Amino acid sequence: MFNMGAARALFNVQMHSPGARGPAKAATITASTPQPPNVAAMTPIHEQDFIDSIADALQYISYYHPPDFIHAVHQAYLREEGPAARDALAQILVNSRMCAEGRRPICQDTGIVNVFLDVGMDVRWDTRRGIDELVNEAVHRAYTNPDNPLRASVVADPLGARTNTGDNTPAVIHTRLVPGDRLDVTVAAKGGGSENKSRFAILNPSDDIVEWVLKTVPGMGAGWCPPGILGIGVGGTAEQAMLMAKRVLMEPVDIQELMDRGPRTRAEELRLELYEKVNALGIGAQGLGGLTTVVDVKIADYPTHAASKPIAMIPNCAATRHVHFQLDGSGPARLEPPRLEDWPQVTWDAGAGARRVDLDTVTADDITHWKPGDTLLLSGKLLTGRDAAHKRIVELIDRGEPLPDGLDFHNRFIYYVGPVDPVHGEVVGPAGPTTATRMDKFTETMLSKTGLLGMIGKAERGPTGIEAIRKHHSAYLIATGGAAYLVAKAIKSSRVVAFPELGMEAVYEFEVRDMPVTVAVDSQGNSVHESGPRIWRAKIGKIPVEVA
Ligand code: SF4
């Protein structure tokens, strides 16, 4: 608790301080003498209100998409002409509604917590603890909430053991002191897939920003789970540009309003130009090729050195999650649940045009008949595994040691996933795919040494992964990133098979029924993430398609 007596004493000392020279003299207060702040009139921010508000906000954003984002994705769905991209958008919208209804996470990656605090200078903190400690208590509480546990994705010691902290702490916290008597808080949960696609460059002052963005976005692939938002920070210094790019992502989606009223600033002109041109790249939802890659482009700028033009770009993904509130001393924030009527009535038919595949009997020959873009409905048993499990498996193989008892990949598919813990009778919590390129370096060993048939993940494969798939006549399938709760509904049983100590990164055996996936790389090494955007870029016809 803040000690009022101590505060008064402090101000008395300041007013009567002898300073560095001379004996103490009582200060004479004149009209021009700066007055000490009236502590009693300052807005108290009570410790528990602050913790409760942030913990509630983290639960809230885990299952409620911002309504402006959902509206924009729905508009994209209505416009979309690419069948695979339209299907992915439908899954994202249906998943979003299910999560709002069921109060379960939109995505299995429930993110690393970002908190932005604008602290009014007429605010006083009613606590003796540091702000970081309070925020992290809120994160702990939110991520271990028994009614809706969120996935712990944060690891300590990133240079070494990379040990999961178990409760998703610590958060990344940015604090500014601003005029006013309010505490302004923005809470976001940022998925690793989209955060990993952040980009930065120091351009020459004469370099063209649009050119850099259009060159950079295709190289980001689809691991950031488009459609989403690009946040761009230009100017300042390196770290300032990155921070602006992240902060500006927290603003409302309003590109349509901007189009309607027309740009008033250079930044607004650029937003419109980039919105049109990035979408003209034809990347589309999940990188499958289509009309909408971004539902908005946000730009913030700041004065910079005459020799510099720093530019940072950070994408927000299909699981865009943030909320904003103010504390005014009257209690914790009250976050109104959005109305379920605000969610569009989109239906999604998993079976439409899909081929059914029995994972328990599928053969290497069957796989050779699949083509990029084919929709499959998988039933039967598959194994899971992601970064840490792959590393362990490949290390065991390299040392000539056997895999753990019961772990047998012969004629199996592996699903790259780290699920959320189940609650209330669920088989598994939200369990969407993770980015497959991180597993590329393990793929040759997995296909040549374990008897694995194929893989399921999200986004494109890199050259190493594709070469291994082609060489072993395997296949790579994708599930929709950002539709994790929907995907989890297809999982009928789950058990840990190996490495239980890895938590969400353990190897599980899932039994699935009608799990929807798309063939992304066929047994010849043809990739839908190469052909889809190329075809749609040509169809849109605003940006030339380079001939390799
Ligand atoms: S939607 Fe994709 S990028 Fe976003 S949190 Fe989920 S898996 Fe990660």
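Visitor: Where is arginine 103 found?
Guide: This is a predicted model, so let's walk along its chain. Phi of arginine 103 is near 50°, a positive value in a residue that isn't glycine. As for its place, arginine 103 sits in the loop between α4 and β2 (112-120).

Visitor: Which loop holds aspartate 157, and what is its relative accessible area?
Guide: Aspartate 157 isn't a glycine, yet its phi is positive, at about 55°. You'll find aspartate 157 in the loop between β4 (155-156) and β5. Aspartate 157 is partly exposed, and its relative accessible area is 42%.

Visitor: What kind of peptide bond joins threonine 169 and proline 170?
Guide: Look at the loop between β5 (163-164) and β6 (172-178), where proline 170 has its place. Omega for the bond between threonine 169 and proline 170 is about 0°, and the bond is cis.

Visitor: What is omega for the bond between proline 226 and proline 227?
Guide: Proline 227 is in the loop between α7 (209-219) and β9 (228-236). A cis peptide bond joins proline 226 to proline 227, with omega about 10°.

Visitor: Is threonine 434 buried or exposed?
Guide: Threonine 434 belongs to the loop between β15 (413-415) and α13 (440-449). Setting aside residues up to four places away in sequence, threonine 434 touches Arg386, Tyr416, Val417, Met439, Gly457 and Lys458. Buried means under 20% relative accessible area. Threonine 434 has 8%, so it is buried.

Visitor: Which residues is valine 187 in contact with, leaving aside neighbours within four places in sequence?
Guide: Valine 187 is one of the residues that touch the most other members of the largest nonpolar core. With those sequence neighbours left aside, the contacts of valine 187 are Ile54, Ala57, Leu58, Ile61, Asn114, Arg321, His322, Val323 and Phe325.

Visitor: How many residues are in the second, separate core?
Guide: Among the members of this second core are Leu230, Val278, Val294 and Ile543. The core is separate, and its residues number 30.

Visitor: How many helices and strands does the protein chain have, and what is its radius of gyration?
Guide: The protein chain has 16 helices and 19 strands. The globule rule gives 24 Å for 548 residues, and the chain's value is close to that, so the chain is as compact as a globular protein of that length. Its radius of gyration is 26 Å.

Visitor: What share of the protein chain's residues count as buried?
Guide: Along its principal axes, the C-alpha trace spans about 95 × 55 × 50 Å. The accessible surface comes to about 23,900 Å², with 52% of it belonging to carbon and sulfur atoms. Of the chain's 548 residues, the share that count as buried is 55%.

Visitor: How far apart are the centres of the positive and negative side chains?
Guide: The protein chain carries 56 positive and 66 negative side chains. The centres of these two sets lie apart by 2 Å.

Note on methods. Residues numbered from 1 in each chain as written. Predicted model: local features only at pLDDT ≥ 70, side-chain atom pairs only at ≥ 80, totals over all residues. Heavy atoms only, no water. Helix = DSSP H or I, 4+ residues; strand = E, 2+ residues; numbered from the N terminus. Rg over C-alpha atoms; globule rule 2.2 N^0.38 Å. Buried < 20%, exposed > 50% of the residue type's maximum accessible area, 1.4 Å probe, protein only. Areas by Shrake-Rupley, 256 points an atom, 1.4 Å probe, with all protein chains shown as cover. Lys, Arg positive; Asp, Glu negative; His and termini not counted. Charge placed at Lys NZ, Arg CZ, Asp CG, Glu CD. Core = buried A, V, L, I, M, F, W, Y, C linked by side-chain atoms within 4.5 Å. Contact = heavy atoms within 4.5 Å.
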